[in-house]
Amino acid sequence: MGNTQVFYYRLPALTTACCSSMALILLALSGTTCTFLEVVANPGKALATPQGIYISEDIGIMCKGDLYEIEGDSFWELSRIFLIISICLGSISTLISWLLATFVAPTS
């Protein structure tokens, strides 16, 4: 087989591996950033909490904030658990897709 045919047969596997890598990167970046969501008060208003008064607050799954109390929040912990599990499963599927794209010979 010529080089073009080998690339032609490997193209679906390489595309899948690249898409899987991009999905894993976006998942990790969106889940670990502390500015995933920003809560902003209306103009002329403020967000009042027992800890203080805020104009805006950033919210992220892996970050603690002043506007909200996450101690004992079961949904917050569940979100963190699902994020960690999805990053682990995404890493495994990305690794498998790159191994298949690299080491398994294409068939005609």
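## Nonpolar surface patch

Seven residues are listed here: Ile 81, Ile 85, Leu 89, Ile 92, Ile 96, Leu 100 and Val 104. They form a nonpolar patch on the surface of this predicted model. Together they carry about 640 Å² of accessible area.

Leu 89 is one of the patch residues. Leu 89 sits in helix α2, which covers residues 74-103. Its relative accessible area is 54%. That is over 50%, so Leu 89 counts as exposed.

## Thr 94

Helix α2 also holds Thr 94. Is Thr 94 buried or exposed? Its relative accessible area is 8%. The cut-off for burial is under 20%, therefore Thr 94 is buried.

Which residues does Thr 94 touch, leaving aside those up to four places away in sequence? They are Ser 20, Ser 21 and Leu 24.

## Chain layout

The protein chain has 2 helices and 4 strands. Along the sequence they run α-β-β-β-β-α.

Of the contacts with a separation of 6 or more, 44% join residues 24 or more positions apart. The contacts of Thr 94 with Ser 20, Ser 21 and Leu 24 were named above.

## Burial and surface

The protein chain has 108 residues, and 20% of them are buried. Thr 94 is a buried residue. The accessible surface of the chain comes to about 7800 Å². Carbon and sulfur atoms account for 69% of that surface.

Methods. Residues are numbered from 1 along each chain as its sequence is written. This is a predicted model: local features need pLDDT of at least 70, side-chain atom pairs count only at pLDDT 80 or more; totals for chains, interfaces and linings use all residues. Side-chain values use heavy atoms; hydrogens and water are left out. Buried means under 20% relative accessible area, exposed over 50%, partly exposed in between (1.4 Å probe, protein chains only). Contact means heavy atoms within 4.5 Å. Accessible areas come from the Shrake-Rupley method with a 1.4 Å probe; for residues, only the protein chains shown count as cover. Patches are made of residues with over 30% relative accessible area and no salt bridge: like charges are joined within 9 Å, nonpolar side chains (Val, Leu, Ile, Met, Phe, Trp, Tyr) within 5 Å. A salt bridge is a side-chain nitrogen of Lys or Arg within 4 Å of a carboxyl oxygen of Asp or Glu.
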